[in-house]
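Please walk through this model chain by chain, keeping the sequence and the coordinates side by side.

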Amino acid sequence: MSNANEKFQFVKIDEFASEHISAPHYSYWKSVFKQFFKSKLAIAMLIMAAVIFSISMIQPLFSNYNPMASPDISDFSIRFNRPNLTFWFGTDHWGNSLFDAVWSGARTSITIALLATSINMGLGIAVGAIWGYNKVLDKYLLEIYNVVANVPFLLVAIMLMYVLGPGFWQLIFVLCMTEWLSVAYFIRTQVMIIRDREYNLVSRTLGTSAVRMISRNILPFLTSVIVTMLSREIPSIISSESFLSFLGVGLPPQITSLGKLISIYITYYGTYPYLFWIPVAVLASISVSFYIVGQTFADASDPKTHR
Amino acid sequence: MERKVILSARDVVVKFRVRDRVLTAIRKVSLDLYEGETLAIVGESGSGKTVLTKTFTGMLESNGFISEGKIFFEDQDLVQIKNNKAWEKIRGSKIATVFQDPMSSLNPIRTIGTQITEVIIKHQKKNSKEAREIAIDLMDKVGIPNAADRFNEYPFQYSGGMRQRIVIAIALACRPKILICDEPTTALDVTIQAQILELIKNLQKEFGFTTIYITHDLGVVANVAQRVAVMYAGQIVEYGTSHEIFYSPKHPYTWALLSSLPQLGIKGEKLYSIPGTPPSLFYEVKGDAFAQRNPYAMNIDFEEEPPFFMITESHFAKTWLQDPRAPKVELPSAIRDLHATIVKIYGKEGV
Amino acid sequence: MKKYILIRILRSIFSILVVTSIAYMLIFEFVPRNRVFENDGMYAKISNRPEQLPLYVNQKYEELGYLNFSAQDEICRDTYGAATSAYTICMDTTSSLFSKAQAKYEAKGYVFKTIELSGVVYATREIPMLERLWSFFSKMIVIDNPNVIQDETHPDLERKIYIGQNWNKTSYALMCSGCEHKYLVYFDWAFPFIHQNVVSINFGRSMPNFYGIPTFEVLTMDQGVNVLKPVTFPSGVTADSGVLEYTCSYKTSLDSLDQTKFTDNYANCSLNKDAPSMMGTSFIFGILALIFSYLISIPLGMYMASHKGRAIDKAGMTYIVFVIAVPALAYIYLFRYIGSTFFQLPESYPSLGPNNILSYIMPTISLALPSIAGLLMWTRRYMVDQNTADYVKFARSKGLSEGQIYLKHILRNAIIPIAHGLPGAIIGAIGGAIITERIYAIPGMGKMLNDSIRVFNNNMVITLTFIFTALAILSVLLGDLLITRIDPRISLDDKKKGKKKHVKR
């Protein structure tokens, strides 16, 4: 049968087609964002973080809030109003609107967190990358790190604030002072691990300059690692700032932060609980939303989780 | 001579769930294992050789499952065993495995001795003193000097070759019926490889178990195997005695594999390599899986899957080239006179 | 191995000293020294007599180590001797003898000032930082010996070390006359059964709170209400008293009450009170929290790892996220709220006091919450890795049951993350203590740190810094040593030279 004979005819193989790897086309950043937006929780948190951030930045510009004064010292009726339609969050012991107080505090807390985190991460990554790369530097810095790193953070922070006195920039200094070295150490360890991986050995053998290697080979790999760190740094700094303010070693009286508000309103915990719990809730919301967004993004930027 | 079949796999299909998709790693494999023989399963990475043997011991990863088929062993269908407790009776005592990397097979913070005796205590129900004696005896048999002294040492105090010997000792501690060796020499020095293969051969003679070797190294196959099964893309494409496979292979893939032996390379000429890559097993394969890379492919190879054609009682090949309607094809020149070529290179008798 | 341990210990001590020195220098350089008087009752009293003020202030500065201070009479006495005619002439500041004395002092770096209201002259010398640091450290370790007490009213004080008996004549002790403490080495039923007063640590005196008491003693003395028991004093009198006989130290002048009880000058004794000391309280909570966190995290972590992806695992991960993401301040308060509303647990420690077990529950759990999150995450991750480790697969292929694999292989390896997590957990507990003690009003070292900062009690701040740092660094050392003991792959003394090799074939 001619049919059967046709079936048994030789076919010329298409070498090109045989090399085709039948996996779908892949773009790194597209996959990262696709993966991120898959999580409904992350999207919700992103929106919440954006909303809180906007309100904190904008609202205090219009509120004329002054933590050290009362709008009307003699009028007792404006004090301690529970949340109602005029005062959405109620009023405090001086008659100031808690709504104003909370957003003013949130603005400070968020600004401090972002500033301190940027400095820590920037300095930490820069130093850490070089540290991990350079064996000589490693020897010395490791010694210093071992001495300094084991002292509990809160202890150092309290002591430094004690020495420097209260102040916005002093607080930022203290929050950075201890943390950047830990960031640098972590990056240094990661760098050391991948520095010795084959593809880097190859680059080195081919004579790639150290700077180019760091920026092209090593840092992109660290994206996922860095974003994970970021997602933890921000809540951690918010938390530290809040307890330093709570312990009374943070900001001067003219500047308010969520931690400060919590420490002031703690005395009304039993009598006017809304004064205490509302700032706590706002503080927790900021922290949680930043954390979840950061974590989801970090997971999304790990290529192993891509399809 | 009628040899007894001790394990028989029939039409086994194994699938894996990978991130919302399903990969069919074994696509209908049937295999008979005869008592006392040495079978080698060869194929490139991803052909399914390890997965197949994992089904014999129930060691498939948690996302893997046997969707069809039966595996008969000692009046049981191994496919039906669902819980770990039932597998405990088989693993180690009836079917044992030796893995590729001896360092990671041993627990680094426990002594060598305890890792041997725990198997003996569990399966042979001996007490620790008796188990210790048996273990030291075994260590001697596998060639560990001063076994009694070294009983209490830790894995890191042993060299790679020694550790693999220990792993073999552990695997054989309960005199299993079947020993599966998954690339046992790949991680070792070339000089040690021969020793280990020799050791397993001798132990097989002494204890009388059946060995399955999984390897991609044809040199190892030539050294130890009585029968060879060639796997590609989740199926066995050809099987027979090693003589038949080396000297009269019938499947184009087997030809390609043999042609790739670097020893056959001629100085000054390009080494042979099989172009392309195996097909993705996420998708169903139409026709013959090797068709795309097969220089001897025919139209029918892209449409229908070939059945097994019998060449001799022991030799079967799954290729349309064996169909009476197919054109006659000669062995590729490189492997036509494999025996003579090998003898010329090594100056000794071949397989 | 021993050499390595020694080096590590020396390094740890070095680190502690470096950190304490830095703290000391920062505090004494930058914290305004006059702020210590803001809460000082004595200062308030003396401000009514302004001519006394500079003398008081400078005397305190001298005690705190800022400067050397000599008032006029001391200058003259020092130059010409006491009760001599030269001395009397010197006291006239216009005399030449005085000018000579002044010149001598000024050559040493003293600056002279006059109090306008009374005409009294005094001289001060700022002590340079390095010298200050040196004297701080050299005074730190005090060894008691029979020559310590120099009492002008008792010039013939017997100086000897002897073996004697305690007041009840129930045991022997190494005792001393002429030392600060009467009992040098003694035995009793309290842990660790042998006690000593020979070596003690001195960081100066607390000021302005717990005025005049050495800082270390403030932290280690009992708190609370006196506990009275019948005591037989050396004089033979029996009375209900809280006196702890082994703490008795030299008192220069005995009052009438003392004279009825004591036969020598060792009448300055600590009192037995019902509440543990600040250090004791913090330690109790710290250890309870540590045990609690380990008891929960390790088993839970292992369970989560073997049931990965299921309900318990998800719940555990949510908890970890919660603790990381929510500021500690918020969740500790939230937790306290839940505890007090639903379980009727006390919201502050002093409300039910140290002898009621309910007071301990919430603070311990609050202190443990962050450590649990950390330990849980670490344990789970480690266990997941172990579950997929090759040696586990091999063990399974040997036919061992899951239970046996767990017990004999995985569990043994679990000790590694436990030891690894120990320093972190302890360090976390220290920081956590500061917050928790504040929230629950627990009278421990954390609260003391906070209080000391508010009143500018520098000596106390330094003492606490030293203690916390020492704890942290020693816990790291402990963790390291523990790991090397457990993991046979690490042979400490060969860290630099490379592994010891057995003859391999």
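At what angle do helix α7 (residues 160–172) and helix α8 (residues 190–207) of chain B pack, and how many Å apart are their axes? In this structure, which is a predicted model, the two helices of chain B pack at an angle of about 20°, and their axes lie 10 Å apart. Because angles under 35 degrees count as roughly parallel, α7(B) is roughly parallel to α8(B). The crossing in which α7(B) passes α8(B) is right-handed. On the side of α7(B), the contact is made by G160(B), G161(B), Q164(B), R165(B), I168(B) and L172(B), while α8(B) contributes I192(B), Q195(B), I196(B), L199(B), I200(B), L203(B) and F207(B). Sorted by class, the residues of this contact are eight nonpolar, four polar and one charged.

Chain B has 13 helices and 12 strands. Its radius of gyration is 21 Å, close to the 20 Å that the globule rule gives for 351 residues, and chain B is therefore as compact as a globular protein of that length. The C-alpha trace of chain B spans about 65 × 50 × 45 Å along its principal axes. Of the 351 residues in chain B, 46% are buried, and, among its contacts between residues at least 6 apart in sequence, 64% join residues that are at least 24 apart.

I335(B) belongs to helix α12 (residues 333–336) of chain B, and it is buried because 21 other C-beta atoms lie within 10 Å, where 20 or more are required. When its neighbours within four places in sequence are left aside, I335(B) is in contact with W255(B), L258(B) and S259(B). From I335(B) to G48(B) the separation is 287 residues in sequence, and 25 Å in space from C-alpha to C-alpha.

The other two residues, D75(B) and A233(B), both lie in loops between strands, and each has a positive phi although it is not a glycine. For D75(B), phi is about 65°, and the residue is found in the loop between β4 (64–73) and β5 (76–77) of chain B. For A233(B), phi is about 45°, and the loop in question runs between β9 (227–232) and β10 (235–241) of chain B. Is each of these residues buried or exposed? D75(B) counts as exposed because it has 5 C-beta neighbours inside 10 Å, whereas A233(B) is buried, with 23 other C-beta atoms within 10 Å.

Chain A is built from helices, with 13 of them and zero strands. Buried residues account for 40% of the 307 residues in chain A, and 70% of the contacts in chain A with a separation of 6 or more are between residues 24 or more positions apart.

Turning to chain C, helix α1 (residues 2–30) and helix α18 (residues 458–486) of that chain pack at an angle of about 155°, with their axes 9 Å apart. Since angles over 145 degrees count as roughly antiparallel, α1(C) and α18(C) are roughly antiparallel to each other. The crossing of these two helices, α1(C) and α18(C), is right-handed. Among the residues that make the contact are I5(C), I9(C), I16(C) and F28(C) of α1(C), together with V461(C), F466(C), L474(C) and L481(C) of α18(C). By class, the contact of α1(C) with α18(C) has 16 nonpolar, six polar and two charged residues.

Elsewhere in chain C, G119(C) sits in the loop between β2 (111–114) and β3 (121–126). G119(C) is exposed because 10 other C-beta atoms lie within 10 Å, and the limit for an exposed residue is 12 or fewer. G119(C) and Y61(C) are 58 residues apart in sequence, and their C-alpha atoms are 21 Å apart in space.

Definitions and conventions: Residues numbered from 1 in each chain as written. Chains lettered and ligands numbered in written order. Predicted model: local features only at pLDDT ≥ 70, side-chain atom pairs only at ≥ 80, totals over all residues. Helix = DSSP H or I, 4+ residues; strand = E, 2+ residues; numbered from the N terminus. Rg over C-alpha atoms; globule rule 2.2 N^0.38 Å. Contact = placed C-beta atoms within 7 Å. Axes fitted to C-alpha atoms, helices over the stretch in contact; angles between N-to-C directions. Parallel < 35°, antiparallel > 145°, perpendicular 65-115°, else oblique. Left-handed = near helix turned anticlockwise from the far one by under 90°. Nonpolar A, V, L, I, M, F, W, Y, C, P; charged D, E, K, R; others polar.
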